[in-house]
Amino acid sequence: MRKSLIVLIPFSLNAFGMFGVLIPAATYYVSPVTCGGSDSNNGTSSNTPFATFSKAMTQSLSSSTVIAFGCRNPNTPAVFKENLYSTQLGLTVVGYGSAPPLVDSSDIIASGAWTKTDGYTNIYQATISAPDNIAGWFRVWESNVSFADVLTLAALDTTASAYMPSAEPTGGNGTSFTMYVHTSDGSNPSSNGKTYEYNARAYGVALLADHARVLNVHTRRQLWDRGSTSCLSFCQLTDVLTEDGWYHNIYVGTGSYVFRTTAHNIYSGPVTANILIVYFSSTPAREGVTFDHVTAYSDVPLGASQCY
């Protein structure tokens, strides 16, 4: 007989029923400023949402608390340029709106930040920042197209659509770095009209406690290797899209249930393994995690290790 795992959360219908999401009691709401969010609000109503996750995390949390984030206006994309991090046991985070809200760990490099690199024909450089307590590997996107990483400036000068940082963040080598790029057509990134982004924050949604839930969320481009969406044991991921992660897109633990979730694209810097989904490291023999209607795919060929 086939067994199924069903997780029930007590929901009560409210104004978000129009978007197909039911929000339970003990809920704090977060919306971008463009959707009416403000940290001066009380956060207890969809009409008075906080603007930041960090404000929501200062509230009194418990295993029954829900962080609901998104935008009530169906014509306004809900994009959050902030980590959602918690160690609260049993916390639930749920996205609402006409589309899953995006927790984007990348930042745009301002066009005015670029200068020509002395001694090279095709290289431009800009100063970027990263957290000082996380190790990871940088990545650069030109108008949402991923660049390749190279190891020397000489190689970069002859390789279009590529980048090289002055150093990778190690968690102890500061917060300021220089990013060198060779654009797709060799043009000046300060004036070619294209957008250049890099992974600036450690993670997207990281619920580092057991029995957490992540529902209806889109995350991408984290700097840390523990996944763009991550949680520990006995957690639930439902309707989650994770993209462009460093090394891992999804990171879950023993007893977890992952349903209708997609991991799309991955990168790994100079290391050879490319992994889209990974169990938490304490999982014995990679056992005890249920994947149900889960997709992992890449737009480009990957290395030997793709998904485990």
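Okay, Asp 292: you'll find this residue in strand β24, residues 290-292. Strands here are DSSP runs of E, at least two residues, numbered from the N terminus. Keep in mind that this is a predicted model, where local features need pLDDT of at least 70, side-chain atom pairs count only at pLDDT 80 or more, and totals for chains, interfaces and linings use all residues. Residues are numbered from 1 along each chain as its sequence is written, and side-chain values use heavy atoms, with hydrogens and water left out.

So who does Asp 292 touch? Leaving aside residues up to four places away in sequence, Tyr 257, Val 258, Phe 259 and Arg 260, with contact meaning heavy atoms within 4.5 Å. With Tyr 257 there's also a side chain to side chain polar contact at 3.0 Å. A polar contact is an N or O pair within 3.5 Å; within protein, one atom must be able to donate a hydrogen and the other to accept it, and sequence neighbours count only if both are side-chain atoms.

Now over to strand β5, residues 92-96. Five of its five residues are buried, that is, under 20% relative accessible area with a 1.4 Å probe, protein chains only. Thr 92, Val 94 and Tyr 96 point one way, Val 93 and Gly 95 the other.

What does β5 pair with? Strand β2, residues 66-70, runs parallel to β5 over five bridges; pairing takes at least two DSSP bridges. Ala 68 has Val 94 as its bridge partner there. β17, residues 213-220, is also parallel to β5, joined by three bridges, and Thr 92 partners Arg 213.

Methods
Helix = DSSP H or I, 4+ residues; strand = E, 2+ residues; numbered from the N terminus. Buried < 20%, exposed > 50% of the residue type's maximum accessible area, 1.4 Å probe, protein only.
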